[in-house]
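Subject: Structure for you to look at

Hello,

Here is the structure I promised to pass on. Please open it beside this email and follow along.

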Amino acid sequence: MRLSRYFLPVLKETPAEAQIVSHRLMLRAGMIKQASAGIYSWLPLGYRVLRNIEQIVHEEQVRAGHIPMLMPTLQSADLWKESGRYDAYGPEMLRIRDRQDRDMLYGPTNEEMITDIFRSHVGSYKDLPLTLYHIQWKFRDEIRPRFGVMRGREFLMKDGYNFDLTKEDALHAYNRHLVSYLRTYERMGLQAIPMRADSGPIGGDDTHEFLVLAETGESEVFYDSEITDLKFGDRAIDYDDVAQCQAVLEEFTSRYARTDETHDDAEFAKVPADRQRTARGIEVGQIFYFGTKYSEAMGATVADSEGNKVPVHMGSHGIGVSRLLGAIIEASHDDNGIIWPEGVTPFHCGIVNLKQGDEEADAACEALYNSFMAIGLEPLYDDRNERAGGKFATMDLIGLPWRITVGPRGLKNGVVELTSRRTGESEELPPEQAIAKVAGIYGKATT
Ligand code: ATP
Ligand code: MG
């Protein structure tokens with residue numbers, strides 16, 4: 001993308017309404033614009049990151065054997081009356097009446113709808129196990145929407161639902177989700193720690209929340225510091241392997257890690273004192289096993305191998321896709337702006353032309369740009385007629401992890417400058433080597 005043709009409405013001033021750094025930076029970097037309280041338009045730069053995050057979530061869900069689909073945002077109240085949650089949900093649910101006087105609602109979650117789909121089409125244990133998911137906008141009329149996309153009223157969520165014949169199978173689905181979430185967050189450059197949580201209105205016994213440590217997090221968390229040394233890495237996982245998934249779950253959940261809702265002083269005291277940590281965290285996901293709560297209420301049964309109708313065991317599993325943008329920025333920024341992890345960055349690198357209009361500099365930038373595009377990487381080329389200082393400030397603000405600076409002086413010596421946004425370190429390299437280095441970082445081959 002050429003910046004001169006892009007839509008990147010960066011703000012010079014720090015917006016007064018933003019209380020936390022991620023919200024400030026998202027506004028300043030022209031990523032979002034508030035449409036009304038807790039509801040945002042995703043401007044092009046923000047939209048690119050949102051799509052990248054969504055893409056990682058899809059890839060990891062499909063890898064775990066889960067099946068993508070899409071349910072609507074607007075739901076009929078009938079199903080919620082059946083489950084008993086229409087009254088239970090309270091004022092967070094946005095209720096709407098259509099012209100036929102039917103009660104509708106903007107879905108805050110989809111347990112009822114997916115259970116209805118299941119009971120309409122699945123009748124036999126032979127069709128199990130089954131896990132369906134979608135990534136769709138939700139609405140919760142939060143009493144205090146704040147912190148930008150972190151606590152919106154309209155927000156994008158991945159929600160997945162598993163249907164299993166037995167509790168044992170459903171617990172495997174639970175473990176599988178936990179493992180796939182570890183991979184998902186790591187690919188976004190995040191450490192999200194699974195913590196024992198409270199099931200709240202969804203109900204159920206087994207639940208973990210995934211928390212990203214950040215001073216601005218809304219949850220108070222307590223954990224054994226050893227947990228932050230754990231890395232999922234690129235280990236191979238067979239998601240059908242019950243023992244393997246169980247082992248990963250145990251590895252990542254055996255140490256003390258809880259939110260304030262489930263915190264237990266006596267248990268925490270057993271952690272060696274020098275490893276006890278109290279901090280704040282951002283909830284970026286949650287997994288639940290809730291058994292037959294919805295299947296019994298809504299008649300979602302299958303015939304087992306003896307022909308008896310039994311209610312299926314279910315769980316639901318959510319990832320806060322739009323909240324993740326805020327969480328990533330909270331975890332990765334400096335005084336000058338955002339520092340995107342390579343996994344989610346809106347553009348793979350920036351190209352800064354120090355002397356726009358200089359024939360050689362323009363040609364070198366064009367050549368770099370075309371080379372990157374040819375290997376499947378998209379740079380953001382700042383081709384505006386601006387001072388170098390302004391161009392650098394914009395690049396730092398929007399946080400592309402790599403910047404290539406091109407100017408007549410370097411070109412005389414056959415080099416450009418490659419700078420890491422994270423470390424600030426620069427090196428001078430011939431253009432081909434700069435391309436090869438960036439390509440290598442993104443796992444692309446140069447030919
Ligand atoms: P919270 O405790 O933060 O209100 P929740 O536990 O009610 O969240 P879940 O029902 O578990 O939320 O939803 C799954 C995920 O969706 C959460 O882990 C979170 O990342 C995200 N999420 C929930 N509410 C919001 C919101 N108002 N704005 C943005 N993301 C949200
Ligand atoms: Mg939750």
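This is a predicted model: local features need pLDDT of at least 70, side-chain atom pairs count only at pLDDT 80 or more; totals for chains, interfaces and linings use all residues.

**Helix pairs**

Two packed helices are described by the angle between their axes and the distance between the axes.

Start with H6 and H7. H6 covers residues 167-187 and H7 covers residues 242-253. They pack at an angle of about 60°, and their axes are 9 Å apart. On the H6 side, the contact is made by His172, Tyr174, Asn175, Arg176, Leu178, Val179 and Leu182. On the H7 side, look for Val242, Cys245, Gln246, Val248, Leu249, Phe252 and Thr253. Sorted by class, this contact has nine nonpolar, four polar and one charged residues.

Next come H2 (residues 44-63) and H10 (residues 321-331). Their packing angle is about 110°, with the axes 9 Å apart. Angles of 65 to 115 degrees count as roughly perpendicular, so H2 is roughly perpendicular to H10. This crossing is right-handed. H2 brings Gly46, Val49, Leu50, Ile53, Glu54 and Val57 to the contact. H10 meets them with Val321, Ser322, Leu324, Leu325 and Ile328.

The last pair is H11 (residues 359-374) and H14 (residues 431-441). The axes come within 11 Å and cross at roughly 30°. Angles under 35 degrees count as roughly parallel, so H11 and H14 are roughly parallel to each other. H11 passes H14 in a right-handed crossing. Leu368, Ser371 and Phe372 of H11 touch Pro431, Ile435 and Val438 of H14. Five of these residues are nonpolar, one is polar and none is charged.

**The ligand**

Now find ligand 1. Which of the 14 residues around ligand 1 come nearest? They are Arg140, Glu142, Arg151, Gly152 and Glu283.

The backbone takes part too. A backbone N or O atom of Gly152 lies 2.8 Å from a nitrogen atom of ligand 1. For Met150, a backbone N or O atom is 3.4 Å from a nitrogen atom of the ligand. Gly285 has a backbone N or O atom 3.2 Å from an oxygen atom of ligand 1.

**Two backbone details**

Most residues other than glycine have a negative phi, and most peptide bonds are trans. Two places here are worth a look with that in mind.

Where is the cis peptide bond? It joins Leu128 and Pro129, with omega about 0°. Pro129 sits in the loop between helix H5 (111-121) and strand S7 (130-139).

The other place is Asp101. Its phi is near 70°, a positive value in a residue other than glycine. Asp101 lies in the loop between strand S5 (94-97) and strand S6 (103-106).

Best wishes

Key: Residues are numbered from 1 along each chain as its sequence is written. Chains are lettered from A and ligands numbered from 1 in the order in which they are written. Side-chain values use heavy atoms; hydrogens and water are left out. Axes are lines fitted to C-alpha atoms, for helices over the stretch in contact, and angles run from 0 to 180 degrees between N-to-C directions. Helices (H or I, at least four residues) and strands (E, at least two) are DSSP runs, numbered from the N terminus. Contact means heavy atoms within 4.5 Å. Ala, Val, Leu, Ile, Met, Phe, Trp, Tyr, Cys and Pro count as nonpolar, Asp, Glu, Lys and Arg as charged, and the others, Gly among them, as polar. A residue is near a molecule or strand if one of its heavy atoms lies within 4 Å of it. A polar contact is a pair of N or O atoms within 3.5 Å; within protein, one must be able to donate a hydrogen and the other to accept it, and residues adjacent in sequence count only if both atoms are side-chain atoms. Angles under 35 degrees count as roughly parallel, over 145 as roughly antiparallel, 65 to 115 as roughly perpendicular and the rest as oblique. A crossing is left-handed if the near helix is turned anticlockwise from the far one by less than a right angle, and right-handed if clockwise.
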